[in-house]
Each structure stands twice: as structure tokens, then as C-alpha cells.
Amino acid sequence: MPTVAVALALAVTWPRLPESGHRPGGRVDLAGGVLLSIGLVAIMLGLGQGGTPGWEWTSGRTLLCLAGGAAVTGLWVLVELRTAEPMIDVRLFRHRNVVVVSLVALTFTFGMLGLLVANPVYLGTAKAEAGYGLGLDPLGIALAMLPNMLALTLGALVAPALATAITDRRVLVTGSVLMAAGFAGESLGRSALLPFLAATAVAGLGSGLLQHSTRTLAVEAVPHDQTSVGSGINELLINVGGSIGAAVVLTVFAARTPAGQTLPRIDAYTTSWLACAAVALAGAGLSLFYRGGKR
């Protein structure tokens, strides 16, 4: 399905987007790409497997992945500083707004993507089987995801006008607070379908505001000749934040799944929802450091 969608997008955009007349040249930063990939994969592997059998948090392989990944990522920073044409100019992180927008991108995708698997599983779990859940069939799960997706779309559409009215910083704060409220609402309204879906819609509205705002501000926060780099940093951190969120949620699930069973206890969900709410609130606090007026 995604292949068909991407193919259609390519067919529409290819003949309509004009080719750039300015080609600055340059070369591919292979060393930077390889080092960053190794560092991130090692850290994600340690986080994702940590706490599972053979990957206890104190085991050598887990510590090696986490410490080794951090060391390789640090080496990547040194290499990028000495490369004439780096993949990512890490000096951009000297700018306050670049740091703030990057961290907000991490925090909002932590919950948005971290719960992408957990919530549908909860919706499809029957109370008779696990003592919790809403017992929807696959079609019901798909329909139950619509309020979140529609609210996300609405948030992205109204974000520019809202930024004009209340400033970019307040949009970042509002989006993060809405996500935190939505995740907390999912924990409180988990026993009935309508309250749960309403909470997912609130979280979706906040994530829509942040989807649009962080992508726009990531470009505005860097010099005009670095706009593609600013966009690339934001997309990278969106994926990193989502990967960390998914790893944390799955680690919580693994720790709270009784031996011999496939479904976790209900506290795995409540812990995950509240953890994502806390991270979203941290994003709201970080947003206060953004400098900028009305769009």
C-alpha cells in the first residue's frame, strides 16, 4: 500500500516540479553517514532489547550497545566538525532555536510513534481474555484510529494561522500540552470507547500542531543556505524520537508481561501512557526557550 501511494505521488510531482537552475555541487559525506548510522543503530538496539532475556540492563551486550553507540556518535560529531562538506553541520546546534526545535521534535514523536503499536493492541484486546481492553475487531480498530488521524490533520492545517495569532512559541507549548493531556486522558478513559477515542483526538490535535510547526521552524531557525540541512536534522530527530519512544514502550511491555503469556498486564499501558505524557510536558517546558515573535 505505501508503495502504491509513493508511486502516485511521484507520478504527480515529477512533471510539475521544475528543476533547479543552480547546482552547487559537493560530495556525499560517506564517513559521516556510516558513523551516524552505526551509532544510532547500536543505541536503538540496546534500548529496544534492554530488559529482555539475555539482554538484561546490566548485561555486557546491552551496556556495550549503549556505551559503544554513544561513543561512535561522539566520534561522528568530531568527524563532522573536521569535514569540509559534512552531512549535518553540527555547528548549527549553537543556535538556541535549532536546539529547542530539535528537542521538541524528539519529545512529541516519542509518544506519537511510541504508542503507534500499543494503542491498537489495547483496542483489540478483549476484557474476557486479559481483564482489560475494548475488544474491537480489525475493522473496528481501523475506524477507532480515525479520530486521532483527523485531529492530527486539523492541527497541521490550523497551525500557521494559530502561529500568526499567538506566536510560534505558544503553538509549540500548546501542542505539547495537548499531547500530554491526551495521553493522560487515555489512561483515565481506558475503560470506555468514547472517552478513550476523545483522548486520542486531543493527542492527535497536539501532534498535528507540532508536526507542522517543528518542520517549519526547523527551516526558519537556520541560515537560508542551510534550509535543507535544517529540514534533514528535523526529520532525523523525528525518527530518532519515535524509535526511542517505541523502544521504551516495548521495554515496559516486556517487563510487565508474565512468563508464558503473550499480553502484558494493564499497568504496562498505564505506565506507557503516563511516561509519554511526562515527556510531552517536558517538550512544553523546552518550548518556552524558543525565541521568536508572531509569524
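A residue is called buried when its relative accessible area is under 20%, exposed when that area is over 50%, and partly exposed in between, as computed with a 1.4 Å probe on protein chains only. The model is predicted, and for that reason local features need pLDDT of at least 70 and side-chain atom pairs count only at pLDDT 80 or more, while totals for chains, interfaces and linings use all residues. Residues are numbered from 1 along each chain as its sequence is written, and side-chain values use heavy atoms, with hydrogens and water left out.

We begin with helix H9, residues 168-188, where helices (H or I, at least four residues) are DSSP runs numbered from the N terminus. The expected span of a helix is 1.5 Å times one less than its number of residues; for the 21 residues of H9 this gives 30 Å, which agrees with the 30 Å between its end C-alpha atoms. Among the buried residues of H9 are Asp-168, Val-171, Leu-172, Gly-175, Met-179, Phe-183 and Glu-186. The buried residues of H9 pack, with contact meaning heavy atoms within 4.5 Å, against helices H4 (96-114), H5 (118-124), H8, H10 (193-220) and H12 (266-287).

Gly-175 of H9 is buried, with a relative accessible area of 0%. Leaving aside residues up to four places away in sequence, Gly-175 touches Gly-206, Leu-209 and Leu-210.

Two packed helices are described by the angle between their axes and the distance between the axes. Here axes are lines fitted to C-alpha atoms, for helices over the stretch in contact, and angles run from 0 to 180 degrees between N-to-C directions. The axes of H8 (residues 146-166) and H9 come within 7 Å and cross at roughly 120°, which makes H8 oblique to H9, given that angles under 35 degrees count as roughly parallel, over 145 as roughly antiparallel, 65 to 115 as roughly perpendicular and the rest as oblique. Ala-159, Leu-162, Ala-163 and Ile-166 of H8 make this contact with Asp-168, Arg-170, Val-171 and Thr-174 of H9.

A second pair is formed by H4 and H12, whose axes are 8 Å apart and which pack at an angle of about 160°; H4 and H12 are therefore roughly antiparallel to each other. Val-100, Leu-103, Val-104, Thr-107, Phe-110 and Gly-111 in H4 meet Cys-276, Val-279, Gly-283, Leu-286 and Ser-287 in H12.

Key
Helix = DSSP H or I, 4+ residues; strand = E, 2+ residues; numbered from the N terminus.
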